[in-house]
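Hi,

Here's the structure I promised to pass on. Have a look at it first, then read my notes below.

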Amino acid sequence: MCLRGNAVEKKKILVVEDDRLNQLVYQGILSKIYDVKICGDDKEFDTALSEDTYELFIIDLALNCEKDGIDLIKELRLMNKYKDSPIIVVTAFAFRKDRDNSLSAGANSFVVKPFDTKNLIEEIKKYL
């Protein structure tokens, strides 16, 4: 967090997750510490990127839309603004190929659902 005058500015995180229950979990555990924006699909992701700037991304691999998480990671890495931004994949896909594909696409970290809240917060803190 950064101090500006008397106000505390929280780091901005963009979460891409299409499951409503998981969205509520992220909101509940992250919003106390960070400024969290949650997108349910690739269209909301594009809109969020056009409206604001984010310091970290949390992306699910399986999304119920045209693009999957790997597509979104690749898009971010092609943008000068986000080519070095931290990306944490949080997914139920626990296979080695999913981890390898995520990291090859440009993700910095890979977390398997269900995740431990403390471990996810520590993973975020590594990058922010």
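**What sits around H3**

The buried residues of helix H3 pack against quite a list of elements: strand S3 (12-16), helix H2 (42-51), strand S5, strand S6 (87-91) and helix H4. Before you go on, keep in mind that this is a predicted model.

So which residues of H3 are the buried ones? They are Gly69, Ile70, Leu72, Ile73, Glu75, Leu76 and Arg77. That is seven of the ten residues in H3, so the helix is mostly covered, taking under 20% relative accessible area as buried. Note that Glu75 and Arg77 are on that list, and both count as charged.

**H3 and its two helix partners**

Take H4 to begin with. H3 (residues 69-78) packs against H4 (residues 96-105) at an angle of about 20 degrees, and their axes are 9 Å apart. That angle makes H3 roughly parallel to H4, since anything under 35 degrees counts as roughly parallel. The crossing of the pair is right-handed. On the H3 side, the contact is made by Ile70, Ile73, Lys74 and Arg77, and on the H4 side by Asn101, Ser102 and Ala105. Sorted by class, the contact of H3 with H4 has three nonpolar, two polar and two charged residues.

An α-helix has 3.6 residues a turn, so residues three or four places apart point the same way.

Now for H2. The axes of H2 and H3 come within 11 Å and cross at roughly 20 degrees, so H2 and H3 are roughly parallel to each other. H2 passes H3 in a right-handed crossing. Asp42, Phe45, Asp46 and Leu49 of H2 meet Leu72, Glu75 and Leu76 of H3. The residues of the contact of H2 with H3 divide into four nonpolar, no polar and three charged.

**H1 against H5**

How are H1 and H5 arranged, roughly parallel or roughly perpendicular? Helix H1 (residues 20-30) and H5 pack at an angle of about 65 degrees, with their axes 11 Å apart. H1 and H5 are therefore roughly perpendicular to each other, as that class runs from 65 to 115 degrees. H1 passes H5 in a right-handed crossing. Tyr26, Ile29 and Leu30 of H1 make the contact with Thr117, Leu120, Ile121 and Ile124 of H5. By class, the contact of H1 with H5 has six nonpolar residues, one polar and no charged ones.

**Two buried strand residues**

Leucine 56 lies in strand S5 (residues 56-59). Its relative accessibility is 0%, so leucine 56 counts as buried. What does leucine 56 touch, leaving out residues up to four places away in sequence? The answer is Lys12, Ile13, Leu14, Pro86, Ile88, Ile124, Tyr127 and Leu128.

Threonine 91 lies in strand S6. Threonine 91 is buried, with a relative accessible area of 1%. Leaving aside neighbours within four places in sequence, threonine 91 is in contact with Asp60, Leu61, Phe110, Val111, Val112 and Lys113.

**The cysteines**

How many disulfides are there? The count comes to zero. A disulfide is a covalent bond between the sulfur atoms of two cysteines.

**A cis peptide bond**

One last thing to look for. Most peptide bonds are trans. The bond from lysine 113 to proline 114, however, is cis, with omega near -10 degrees. You'll find proline 114 in the loop between strand S7 (109-112) and helix H5 (117-127).

Methods. Residues numbered from 1 in each chain as written. Predicted model: local features only at pLDDT ≥ 70, side-chain atom pairs only at ≥ 80, totals over all residues. Heavy atoms only, no water. Axes fitted to C-alpha atoms, helices over the stretch in contact; angles between N-to-C directions. Helix = DSSP H or I, 4+ residues; strand = E, 2+ residues; numbered from the N terminus. Parallel < 35°, antiparallel > 145°, perpendicular 65-115°, else oblique. Left-handed = near helix turned anticlockwise from the far one by under 90°. Contact = heavy atoms within 4.5 Å. Disulfide = S-S within 2.5 Å. Buried < 20%, exposed > 50% of the residue type's maximum accessible area, 1.4 Å probe, protein only.
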